[in-house]
Amino acid sequence: MAELLIWGDQHDPAFFDFFMEKQVMATFVRILKSSSKTTTVAVQLLQTLSIMIQNIRSEHAIYYLFSNEYINYLITFPFNFQNEELLAYYIIFLRTISMKLDRNTVSFFIKTNNEEVVSFPLYTEAIKFFHHEEGMVRIAVRTITLSVYRVDDESIRTFVTNPPIVDYFSDLIVFLRKQSHALDGLVTEVSKYPDSGQLRGRLEGAIAEIGDLLYYCNDIINSNVPALKSIMTKNIMNSLVLPLLLPSLRPVDECATTPSDERVSTLTSLYFLLRLLHIVHHKALVNSIGASLLRTDQAVALDHEQLQNSECFPHQLSEAETLGDEASESGAGTANSFEVSSSSRALDGRTMLLSYLLSNDDKLVMASLCLSVSFLHNEALDESLLDALGILPRRKRHKKLLLQQLIGGKSDKEVDRLFSPSLDRPRDDFMSDNWENHLGDDLLSGSTTLKHRSQMLEALLKLMCRRPPPYSEVLWQAGWLLRQLLPYHEHKISDTHMSLLNDVYTAAQQELSVELTDCWADIIPAVIAEEWKFCRKALDTPFLQKDASFVLMPSTQINTEENLPVTSSILVGERMLASVKTLMVLYQIRILLVGSTLTETPPLVELPEDMRGQHPIPSTKIGTELDISDDAMLCRVSFERGKERCVHLVVVLRGTTGSLLLIEDNSSDQRRGLIRGTAPLAGSDPRIDEKHATWLHLRIRSPHQPLADVGKRGLPKTSPRNKNLVDGRWVLAFEDAEACKHACLFIQNKLANLRDAVSLIVSAFLTKDSLQQ
């Protein structure tokens, strides 16, 4: 019947009219009633109706299907939702209907009394499932509600924004808050068992769910219902930001008496806030969050209590404003210190964010940096708030300073009103656009903003100079932010700060010099060339991933106790890669801070002709037949237990590419042979056995090159497939001790030549005067 109805709608209206005359919808309802205990019939009916509604095109046919209350009856029918299949088709049925909603069709689904909507089953039944355990059901409910909000009908808008239906939005934020606790629990659990794929999968699912919820909240705010902007802003602030996220920014030891359900970890709180700012660009909400970060805990607590009383808006806030301003003033003096004092309860969120920049936990550092970048990238945030937070970009601050000079004699607040028109708006409540009345003039004054800016610059410079250095991704983010805050005309920083950067750069040079003597020296120029590009881009564009979820994921470092000594080439490779990254970002940021520009490619020196080396061997692949050179060293090796072979050891070096070859004589021509084994020269670390003077030990580094990890983003983690890779070893037996010693010295000389070549290539990064002027 459904197929025939659809065919008639699209090809022959008279054919469709026949079914209308036969009251096909009434027949469907009768079938459902008579088979109410048979789930199969209900599933088929819902599927059939969904197909019909989705595919019927003519307005006349749609009106017929929606008329006579048949659809409303089906929507409110007491189905057995314990059956998952039935529930799935029911939700699809509701979603399909919602896609057909407009200001004309919506009248079929509502009941009115004196032109006021008193019943809207499609909406009220759908929102009952908004927190269902099945993700697809939750997604469908969000689609249905957004379709309702898009309907251009004032009576519908009034219905969804008035009690008791408006409680849906507060329930939604409460559900979001519960999800934040669930996420926090998973973060803690995964940190204990970082190798658990199941836990990581659950964590990734929780992160995705919170992202979906926040995007849904943003869609509600941007819907066609103006009242929802204020409703969502107040609910997010009242139920999430003020009572949970901001208090959770305090260190754990200061919140020992806080109930666990009123706190999440600082890392989760930072992630949630930066995600919120990354997704939502509603001025009232973004400015409220920014203003709340500037205020003391006492002021925030007061606002939260006031906001819980719906009658407090807007006429009962005058006393709260006064108390809030006093609290802000009382907390102003604490802003001089980056360290969070356990004895002070009046620290504002901005000061705590500064303290986390100097934490030894790179995840906290990165989350704090990402939050600052999220503020900068959110165009809805008032520029005066950016200035008060100490992160107003130099160009915008320069514009403000010019304005101050042009209108000399004006107060800071009057300048701010010209600089940020949003400050000159009619009074409203705290959770809309009137945030500046709750901060006090002192927090928006030029002297305070200059102090906050100086503190942020100082914190960023201390972070750049931290030893041991943070991860390169942290340095990238800090470097980009530092460049935004420098004075407009004066790209240079103070001599004192540059001296600190030079000192830390010298330490980074020393670390790279160590790597030049280790097992990955040969690929350092290639790593520098690749990292130069990534670093250059990162300092030009902030390293802020779409959801920054990497700050919550565990850093799966290799367990050095699992057959991996400190000298393991895998660990050395990770250390070398980190050293190069650190050196590149410090090198580039120093150039940028003195006003110079970066070249497209790194300043690597080209090797002179005499150091490039020309070896007659065309290929070093196993199985290649070649002539045995005069410098080949005869020895024995065992590839299998009890089976020794006579081979020739040949060392090949072309510039920075070196190989060890084991060549076996060709039975037909002893002057030629086949390559039976090959290994990199770098890292071979030749060593004569202490008990057997004719045995030479050679280390063979892991086949997984650090170059494969160049450009990977996020806090360092090692792929599980590499955890079982260990270094190999060759033991070569020579005819006598003299031959063995000769081979050892020969390889050591070649290694020295290789290191000299690499050192020359990267010499621009190792000289004391490496800063381009």
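Mentor: Gladly! Let's start with α2 and α5, which are roughly parallel to each other; that word covers angles under 35 degrees, while those over 145 count as roughly antiparallel, 65 to 115 as roughly perpendicular and the rest as oblique. This is a predicted model, in which local features need pLDDT of at least 70 and side-chain atom pairs count only at pLDDT 80 or more, whereas totals for chains, interfaces and linings use all residues. Residues are numbered from 1 along each chain as its sequence is written, and side-chain values use heavy atoms, with hydrogens and water left out.

Two packed helices are described by the angle between their axes and the distance between the axes. For helix α2 (residues 13-21) and helix α5 (residues 59-66), the axes come within 11 Å and cross at roughly 15°. Here helices (H or I, at least four residues) and strands (E, at least two) are DSSP runs numbered from the N terminus. The axes are lines fitted to C-alpha atoms, for helices over the stretch in contact, with angles from 0 to 180 degrees between N-to-C directions. The crossing of α2 and α5 is left-handed, meaning that the near helix is turned anticlockwise from the far one by less than a right angle (clockwise would be right-handed).

Which residues of α2 and α5 make the contact? On the α2 side they are F16, D17, F19 and M20, and on the α5 side H60, A61 and Y64; contact means heavy atoms within 4.5 Å. Sorted by class, five of these residues of α2 and α5 are nonpolar, one is polar and one is charged. The classes are simple: Ala, Val, Leu, Ile, Met, Phe, Trp, Tyr, Cys and Pro count as nonpolar, Asp, Glu, Lys and Arg as charged, and the others, Gly among them, as polar.

Now set that beside another pair. Helix α3 (residues 24-34) and helix α4 (residues 39-55) have axes that come within 10 Å and cross at roughly 160°, which makes α3 roughly antiparallel to α4. This crossing, too, is left-handed. M25, F28, I31 and L32 of α3 meet V41, A42, L45, L49 and M52 of α4. By class, that contact of α3 with α4 has nine nonpolar residues, with no polar and no charged ones.

C217, I220 and I221 of α12 touch L228, K229 and M232 of α13, giving five nonpolar residues, no polar and one charged.

Stepping back, the chain comes to 30 helices and ten strands. Of its 773 residues, 54% are buried, where buried means under 20% relative accessible area, exposed over 50% and partly exposed in between (1.4 Å probe, protein chains only). Among contacts with a separation of 6 or more, 74% are between residues 24 or more positions apart. As for confidence, the mean pLDDT of the chain is 81, and 79% of its residues reach 70 or more; pLDDT is the predictor's confidence in each residue, from 0 to 100. Residues 417-433 have pLDDT below 50, and this stretch has 52 contacts in the model beyond near neighbours in sequence. Residues 557-561 are below 50 as well, with twelve such contacts.

Finally, some backbone details. Most residues other than glycine have a negative phi, and most peptide bonds are trans. A cis peptide bond, with omega about 0°, joins P163 and P164, and P164 sits in the loop between α10 (154-161) and α11 (167-192). Another cis bond links R467 and P468, at an omega of about -5°; P468 is in the loop between α24 (446-464) and α25 (472-485). E115, not a glycine, has a positive phi of about 65°, lies in the loop between β1 (111-113) and β2 (116-119), and is exposed at 74% relative accessible area. D685 has a positive phi near 45° in the loop between β7 (672-680) and β8 (687-688), and at 47% relative accessibility D685 is partly exposed.
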